[in-house]
Amino acid sequence: MRTALVTGSLIVTTLLPQGAGSSSGPLPARLADTGGGSQLITAVAPAPGSTTGRLTWWDRRAGRWYRAGSAPARFGANGLTEGATRTQGTNTTPTGLYELPYAFGIRRAPAGTEYRYRRVTADSWWCQDNASTAYNRWVEPLPADCAPGEAEHLVTYEKQYAHALLIAFNYDRPVRGRGAGIFLHVNGKGATAGCVSVPERDMRAILRWADPDRRPHIAIGTQDGPLAVTRY
């Protein structure tokens, strides 16, 4: 979903061994599920109505989780909501644990990117039309059954979609009306329409770090309460 975000940038590369700084261990060790891989991204907001929070990327080595980096994050203009019951058009970020199928961008992939990276062209659209057979899919060109007003022309979001990762929310078996086009992407000028976003240098760092063979996922949630990230 398109956004307009701006914020400062910070990369934290200090490695945090399991148990450091918390009696219950690092955050991934406290999640109900991490997707089974050895890389994980956590995007955590202080409360359901928050539009800002923290995104951290983690490596699992020899049975322990280590923090590889961290950045300030932005969420939906109306905060976060349970992904399983989200409604499209509510400007909320869906909570849950999701795969990251591929990366894309208007600009070239950062050097060292191993993820499959799809370049945006003038014909690239993301269909959000509930009546279309291409609902919640990248299309080139825009199909006749996807109304232009119900789709994002990706190339027009030069800053936000300079680099991005697809978050597989409502993706494998799309439910009409739940939402489409949820990405991890570069900041614009304000809160997002449902995506998660970070400063550009951090997005580039994440793409250089992510290894598809290590099956990275993203867990989105709040620090505690009914939308706590540890539930997912």
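Over the ring of which residue does the charged end of Arg 137 sit? In this structure that ring belongs to Tyr 171, and the charged end of Arg 137 lies 4.0 Å from its centre, where a charge counts as sitting over a ring if NZ of Lys or CZ of Arg is within 6 Å of the ring centre and within 35 degrees of the ring normal. A second case is Arg 61, whose charged end sits over the ring of Tyr 66 at 4.5 Å from the centre.

Before I go on, a word on what we are looking at. This is a predicted model, in which local features need pLDDT of at least 70 and side-chain atom pairs count only at pLDDT 80 or more, while totals for chains, interfaces and linings use all residues. Residues are numbered from 1 along each chain as its sequence is written, and side-chain values use heavy atoms, with hydrogens and water left out.

UniProt, in an unreviewed entry, places the feature "domain: L,D-TPase catalytic" at residues 54-213; such positions are in the numbering used here, feature names are shortened, and annotations may be inferred rather than shown by experiment. Over residues 54-213 the chain is 6% helix and 34% strand, where helices (H or I, at least four residues) and strands (E, at least two) are DSSP runs numbered from the N terminus.

Three strands form an open sheet in the order 9-8-10, with antiparallel pairing, and two strands are said to pair if DSSP finds at least two bridges between them. Strand 9 (137-139) and strand 10 (151-153) stand at the edges with a single partner strand each, so one side of each has no neighbour in the sheet. Strand 8 (residues 125-127) is joined to strand 9 by three bridges, and Trp 126 has Trp 138 as its bridge partner in strand 9.

Asn 136, in the loop between strand 8 and strand 9, has a phi near 60°, a positive value in a residue other than glycine. In the loop between strand 9 and strand 10 we find Pro 141, which a cis peptide bond joins to Glu 140, with omega about -10°.

Trp 138 leads us to the aromatic rings. A search of the whole structure finds eight aromatic pairs, and rings of Phe, Tyr and Trp (its six-membered ring) pair if their centres lie within 6.5 Å, with planes under 30 degrees apart counted as stacked, over 60 as edge-to-face and the rest as tilted. The rings of Phe 104 and Trp 138 have centres 5.5 Å apart and planes at 85°, so this pair is edge-to-face. The pair links distant parts of the chain, since Phe 104 is in strand 6 (residues 103-105) and Trp 138 in strand 9, 34 residues apart. Phe 104 is buried, with a relative accessible area of 0%, and Trp 138 counts as buried at 8%; buried means under 20% relative accessible area, exposed over 50%, and partly exposed in between (1.4 Å probe, protein chains only). Phe 104 also pairs with Phe 183, with centres 5.0 Å apart and planes at 75°, so that pair is edge-to-face too.
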